[in-house]
Amino acid sequence: MSTDPLIDRLATGLRPVRRRTPWRDATILLALGVIEIVFVLKLGLMRSDMPDAMGMPSFWWKAASLVVIAAVGGATALLSLDPTRSPRRGLRIVGMLALVALALGWLVDVLQAGPAVFWQRLDPAHGIVCARKIVELSLPAVLALGLFARRGASVDARGTAWAVGIAAAAFGALAFVLACPFDDPLYVAVWYSVACGIVTLVTRLILPPLIRW
């Protein structure tokens, strides 16, 4: 039996598809991050004490840690959309970077910790609000990376989902840094981790069935 008619029917109406490149996707993702930061600034949400905050080691620890994790997580997610690449190595690197960031945060905490007690430093009332805002700011990056993943050809859907969740959460937290008035390393380690954990876990649960091929 000839398969030519079947092939002809399947090929009918097909159109050329632009080949995706990680660099183009990374540029779009970076532009999205810039838009989120501009959005925060336009709404007047930037913290009023920014000049003072920029003189504190804890502020730069918070911002630099999120920049590194967002960059490595984003690169891991985008590269994993190539069927010849696995996200596992990148995920291990992100895990190690997170541990290094926490260790550096502990060191900063030792150097600048004030007399406040543990519960006052944790400040759950504000912490829950901060975590919610980080989750909200992560959603555009989740959507963008999810669309990239749908167009990609990942052979490790679960690993890609982890990477997408980590990168999106870090992007959202990084955008929120400009508005968050809290630089206490303990506060940041707890509530930013809670928010990023929620985004990452939900993405891991939802995304794999959507990108499996």
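**Close-up views of a helical chain**

**View 1. In helix α5, the buried residues are G90, L91, V94, A101, G105, V108 and D109.** Here buried means under 20% relative accessible area, exposed means over 50%, and partly exposed lies in between, as computed with a 1.4 Å probe on protein chains only. The model is predicted: local features need pLDDT of at least 70, side-chain atom pairs count only at pLDDT 80 or more, and totals for chains, interfaces and linings use all residues. Residues are numbered from 1 along each chain as its sequence is written, and side-chain values use heavy atoms, with hydrogens and water left out. Helix α5 has 25 residues and reaches 36 Å from its first C-alpha to its last. This reach is close to the 36 Å expected at 1.5 Å a residue, where the expected span is 1.5 Å times one less than the number of residues.

**View 2. The protein chain contains 9 helices and 0 strands.** Helices (H or I, at least four residues) and strands (E, at least two) are DSSP runs, numbered from the N terminus. Read from the N terminus on, the elements follow the order α-α-α-α-α-α-α-α-α. The protein chain has 213 residues, of which 42% count as buried. A contact means heavy atoms within 4.5 Å. Among contacts between residues at least 6 apart in sequence, 87% join residues at least 24 apart.

**View 3. Helix α2 (residues 22-42) has one face lined by its buried residues.** Helix α2 has 21 residues, and the distance from its first C-alpha to its last is 30 Å, close to the 30 Å expected at 1.5 Å a residue. Its buried residues are D25, L29, G33, E36 and V40. Seen down the axis of α2, these buried residues fall within an arc of 85°, so they line one face of the helix; the arc is that of the directions from the helix axis to the C-beta atoms. An α-helix has 3.6 residues a turn, so residues three or four places apart point the same way. The buried residues of α2 pack against α4 (57-79), α7 (124-151) and α8 (157-177). The face turned away from the buried side carries the exposed residues W23, T27, L30, I35 and K42.

**View 4. Helices α5 (residues 88-112) and α8 pack against each other.** The two helices pack at an angle of about 35°, with their axes 9 Å apart. Axes are lines fitted to C-alpha atoms, for helices over the stretch in contact, and angles run from 0 to 180 degrees between N-to-C directions. Helix α5 contributes R88, L91 and V94 to the contact, while α8 contributes R158, G159, W162, A163 and I166. By class, the contact has 5 nonpolar, 1 polar and 2 charged residues. Ala, Val, Leu, Ile, Met, Phe, Trp, Tyr, Cys and Pro count as nonpolar, Asp, Glu, Lys and Arg as charged, and the others, Gly among them, as polar.

**View 5. D123 lies in the loop between α6 (118-122) and α7.** Most residues other than glycine have a negative phi. D123 has a positive phi of about 45° although it is not a glycine. This residue is buried, with a relative accessible area of 19%.

**View 6. C130 is located in helix α7.** C130 is buried, with a relative accessible area of 5%. Not counting residues up to four places away in sequence, C130 touches F176, C180, F182 and Y187. C130 and Y192 are 62 residues apart in sequence, yet 7.8 Å apart in space, C-alpha to C-alpha.

**View 7. A168 belongs to helix α8.** A168 counts as buried, at 0% relative accessibility. Residues up to four places away in sequence being left out, A168 touches S138, A141, V142 and L145. A168 and T203 are 35 residues apart in sequence and 9.2 Å apart in space, C-alpha to C-alpha.
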